[in-house]
Structure formats: C-alpha cells, structure tokens
Amino acid sequence: QVQLVESGGGLVQSGGSLRLSCAASGRNFDDYFMAWFRQAPGKERAIVAGVWWTSGQTYTHSSVVGRFTISRDTDKSEVYLYLNNAKPEDTSVYYCAARSSTRSEYDYWGQGTQVTVSS
C-alpha cells in the first residue's frame, strides 16, 4: 500500500521559514516525479515544486522561485519543501503527490498539511 504522509505544517510569521516533509512508502519510486501542490480556500490546487526521485532534478513554479526549495532523501524515502521568506499568500493546504514518468496524472496523494502564514 503506497502512502505519502506529510508533516511539518503549522503557523509561521510572515518572513519566517518552515520545512515540510513527505514520507513516501509502499513502492519503489524510481522514475517517479514527486511534487508538492497547494490549495488555498476557494482556489484550485496548483503545483509548487517537484523533484525526480532518481536524478534529483527539480522544478520550481515561478511564483515561488527564490523562496521555496524542494529536495529528496532517497535513503530516508522522504521529500522536503523548504518555505523561506513566507508570505500570507502562501497560506494553503500543502499536498505531496507522486506520478510515474510514463503518466501525466498523479497516482498517489497525501492527506495534506496546513500552512498558515500570519502577517
């Protein structure tokens, strides 16, 4: 049974930092793209960043470039999202997701973790 379990969310002040973690288990994630999405109330879920499990190559959405960083630790089977210089508009539920390199849709999703940035 594949599981993606997010942790690390919480309340952070504007300008502060937070690290989100995604513990991935239940299968071999070689050739998988691991991503972080976020969804604010009344808005669609949107990708924030992603990383290829095997190569470590990353993608970061233009809206958070320079503030957010994604990485993965294959030994620990975890994916991280570092939120730096947090802004109130970063307030969202953050989801970890995984898709195979052969598919465009995401196969697995976590339950989400709430991040709230106070001004």
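Me: Rings of Phe, Tyr and Trp count as a pair if their centres lie within 6.5 Å. Which residues form one aromatic cluster in this structure?

Reply: Please note at the outset that this is a predicted model. The residues Phe29, Tyr32, Trp53 and Tyr108 form one aromatic cluster.

Me: How many aromatic pairs does a search of the whole structure find, and how is the pair of phenylalanine 33 and tryptophan 52 arranged?

Reply: The search finds eight aromatic pairs. In the pair of phenylalanine 33 and tryptophan 52, the ring centres are 5.0 Å apart, with 55 degrees between the planes. Planes under 30 degrees apart count as stacked and those over 60 as edge-to-face, so this pair is classed as tilted.

Me: Which parts of the chain does that pair tie together?

Reply: Phenylalanine 33 belongs to strand β4 (residues 32-39) and tryptophan 52 to strand β5 (residues 46-52), so the pair links parts that are 19 residues apart in sequence. A second tilted pair, phenylalanine 37 with tryptophan 109, has its centres 4.9 Å apart and 55 degrees between the planes. Because phenylalanine 37 lies in β4 and tryptophan 109 in strand β10 (residues 108-109), this pair ties together parts that are 72 residues apart in sequence.

Me: Are phenylalanine 33 and tryptophan 52 buried or partly exposed?

Reply: Buried means under 20% relative accessible area. Phenylalanine 33, at 7% relative accessibility, is therefore buried. Tryptophan 52 has a relative accessible area of 25% and is partly exposed. In the other pair, phenylalanine 37 is buried at 10%, and tryptophan 109 is partly exposed at 32%.

Me: What sits over the ring of tryptophan 109?

Reply: A charged group may lie over a ring face. Here the charged end of arginine 45 sits over the ring of tryptophan 109, 3.9 Å from its centre. Arginine 45 also lies over the face of tyrosine 95, at 4.9 Å from the ring centre.

Me: Which residues have the most contacts inside the largest nonpolar core?

Reply: In soluble globular proteins, nonpolar side chains tend to be buried together. The largest nonpolar core has 26 residues, and those with the most contacts inside it are Met34, Trp36, Leu81 and Tyr94. Elements that give two or more residues to this core include β3 (18-25), β4, β5 and β9 (92-100). The largest share, four residues, comes from β3. A second, separate core has six residues, among them Phe33, Ala35, Ala97 and Tyr106.

Me: What is the strand order in the open sheet of four strands?

Reply: A sheet is read from strand to neighbouring strand. The order is β1-β3-β8-β7, with antiparallel pairing. Strands β1 (3-7) and β7 (68-73) stand at the edges with a single partner strand each, so one side of each has no neighbour in the sheet. Neighbouring strands are turned by 15 degrees against each other on average, direction ignored. Six bridges join β7 to strand β8 (residues 78-83), and threonine 69 stands opposite tyrosine 82 in β8.

Me: Which residues form the covered face of β11?

Reply: The covered face consists of Thr113, Val115 and Val117, while Gln114, Thr116 and Ser118 form the uncovered one.

How values were computed:
Residues are numbered from 1 along each chain as its sequence is written. This is a predicted model: local features need pLDDT of at least 70, side-chain atom pairs count only at pLDDT 80 or more; totals for chains, interfaces and linings use all residues. Side-chain values use heavy atoms; hydrogens and water are left out. Rings of Phe, Tyr and Trp (its six-membered ring) pair if their centres lie within 6.5 Å; planes under 30 degrees apart count as stacked, over 60 as edge-to-face and the rest as tilted. Buried means under 20% relative accessible area, exposed over 50%, partly exposed in between (1.4 Å probe, protein chains only). A charge sits over a ring if NZ of Lys or CZ of Arg is within 6 Å of the ring centre and within 35 degrees of the ring normal. Two strands pair if DSSP finds at least two bridges between them. Axes are lines fitted to C-alpha atoms, for helices over the stretch in contact, and angles run from 0 to 180 degrees between N-to-C directions. A nonpolar core is a set of buried Ala, Val, Leu, Ile, Met, Phe, Trp, Tyr and Cys residues joined through side-chain atoms within 4.5 Å.
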